[in-house]
Amino acid sequence: MDQQLRERIEREAEKHALFNAVKHGGSAEVGAIMGSLMGENPEFREHGGEVPGIAAPVVSRVNDRSSEERRERLAELAPALLEELETEEEEEERTLPELPNAEAYDEIRMRCAPNPNGPWHLGHARMPAVIGTYKQRYDGWMLCRFDDTDPVTKRPDLEAYDAILESIEYLGFEADRVMKASDRVETYYEHARELIEKGGAYTCSCPGETFSELKNAGEACPHRGKDEETVRDEFEAMVDGEYDAGEMVLRVRTDITHKNPALRDWVAFRMVDRAHPREEASGYRCWPMLDFQSGVDDQLTGITHIVRGIDLQDSAKRQRFLYDYFGWEYPEVIHWGHVQIDAYDVKMSTSRIKELIEEGALDGWDDPRAPTLASVRRRGIRGDAITEAMIELGTSTSDVDLAMSSVYAKNRERIDDGSDRYFLVRDGRRVGLAGEGPDAAHPPRHPEHEERGTREIPVDDAVLVEPADLPPEGERVWLKGLACVRYDGTGFAFTGDDIDAVREEGVDVIHWVPADESVAVRLRTMEGDVEGRAEPEFRETAVDETMQFERIGFARVDEHADVESVAYFAHP
């Protein structure tokens, strides 16, 4: 190969690697660019064996660049390609409405506020997907604040903190700041003391049922008229842990006759007997309620826009009383409906999934039957495919449905090109093979990437086929990639027919693996585990890579053990 051709291959490889990396927001791979590289430059094909070796160091250099540098370099090499990408990005972004009054703020600042009571299920992905996309659109700022001030009903799971941050990264985003509310209790105490001085809060020892009756009747409880000094002393006694759970609360003074009873003198702080699981927070017994804690934190971190569920409309209204006392400007609020996801028998609930794991009905959060981000990630579904599907739901106040088929379609676009093909036979029937024929099959690794070459499947004196694929006695079938055979009721015999038997006579094509040299595979699916046998070269597929079992679907390779390989089924 002359130097001029080599340089042209390097230049074209760099262009395609840059395009791939910028488009998908990650690292480029040689295999992923070979199709477009060879398709756009057919004259490279006669050097197909050398091109990947020339492209590999070029791709490595592209991956060493930052995202900004990749985009700048693509603009130099192929401005039309960058323009095409930017048009696609703009069209994708437009599935979300513009943020209200965005022009009024110097910087758009938004927050994800997860409760770390367990790893995330699929529904949780919507919040970071939307907020992360808005951050990118407006060149804004994103906070991940763990709202972990409820050590009882939504008790934090210590492993969930890191798991949630990993999920945000998996979806394609990174928070500019990470906070734990349980680290900030003293800050909430300071604001409670200031609120008491402003006459905006009072301590109340009414039993919950008694206060509820008074509230619903629009009547003040007898503690509403306490003097400031008494309220302050009783609150400090709460802080010092001198009351038991349910014995004393601090209430925000609102309008006891407000038309919405849920807004009347709501609880800001309560006593909790159970220690927080985080050692750093285990000494506190007086804990803020979520509306107080998040209201204070949104102000102190400069949040400009809040996205929350339609069922939390009262939270915004309660917090406005707090903001009025302090003279703060309330953020813009977007309310949206719930998202429902099909394809799962398990309820999309953190507590329910946790119960099923404890009962042994699920193996863990990454069980393929669980509607969790850990599960779909282990199945080989890309985070950006989930993000794109969530973005398309918009921010409607109505409940919306997400079909997993939509996620699968978007994931297929991302992994099809890089996924090699293999045969897998389930519930294999051993069938003898006689006569003169090829001693091996050489089907392509990928039907659209000739440059990747072929795989070798040895032929024994018997093959495994799926029972449903056996033809009637006396009929022919084509063993895919191998040859035409006739079934005599007990075994196959080579017929010597060429591929025209399929093309012109309609002979069925079936999959197979060698009976003795195939390898055991356990395919983990949403319906349960499937045992099968795959062609030998499947064992060469790297763990964590996606591939496709022909006729069955895409899967992620999870493990190659001595007894069997394990793969997680992604989708058809």
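A salt bridge here is a side-chain nitrogen of Lys or Arg within 4 Å of a carboxyl oxygen of Asp or Glu. With that in hand, Asp363, Arg522, Arg524, Asp529, Glu531 and Glu564 are linked in a network of salt bridges. The model is predicted, so local features need pLDDT of at least 70 and side-chain atom pairs count only at pLDDT 80 or more, while totals for chains, interfaces and linings use all residues. Residues are numbered from 1 along each chain as its sequence is written, and side-chain values use heavy atoms, with hydrogens and water left out.

**Overall build**

- The protein has 17 helices and 27 strands, where helices (H or I, at least four residues) and strands (E, at least two) are DSSP runs numbered from the N terminus.
- The radius of gyration of the protein is 31 Å, whereas a compact globule of 572 residues would have one near 25 Å; this radius is taken over C-alpha atoms, and the globule rule is 2.2 Å times the number of residues to the power 0.38.
- Along its principal axes, the C-alpha trace spans about 100 × 55 × 40 Å.
- Of the 572 residues, 52% are buried (buried means under 20% relative accessible area, exposed over 50%, partly exposed in between, with a 1.4 Å probe and protein chains only).

**Salt bridges**

- The count comes to 49 salt bridges.
- Lys15 pairs with Glu40, their closest N and O atoms being 2.8 Å apart; this links distant parts of the chain, with Lys15 in helix 1 (residues 3-24) and Glu40 in helix 2 (residues 30-40), 25 residues apart.
- Lys15 is buried at 13% relative accessibility, whereas Glu40 is partly exposed at 45%.
- Arg426 and Glu466 also meet in a salt bridge (2.9 Å, N to O), which joins strand 13 (residues 424-426) to the loop between strand 17 (462-465) and strand 18 (476-479), 40 residues apart.
- Glu466 is buried, with a relative accessible area of 10%, while Arg426 is partly exposed at 29%.
- Glu355 and Arg352 form a salt bridge at 2.9 Å between the closest N and O atoms; both lie in helix 13 (residues 350-359), three residues apart, about one turn of the helix.

**Positive phi values**

- Asn101, not a glycine, has a positive phi of about 55 degrees and is found in the loop between helix 5 (79-93) and strand 1 (109-112).
- Asp544 has a positive phi near 85 degrees; this residue sits in the loop between strand 24 (528-534) and strand 25 (546-549) and is exposed, with a relative accessible area of 53%.
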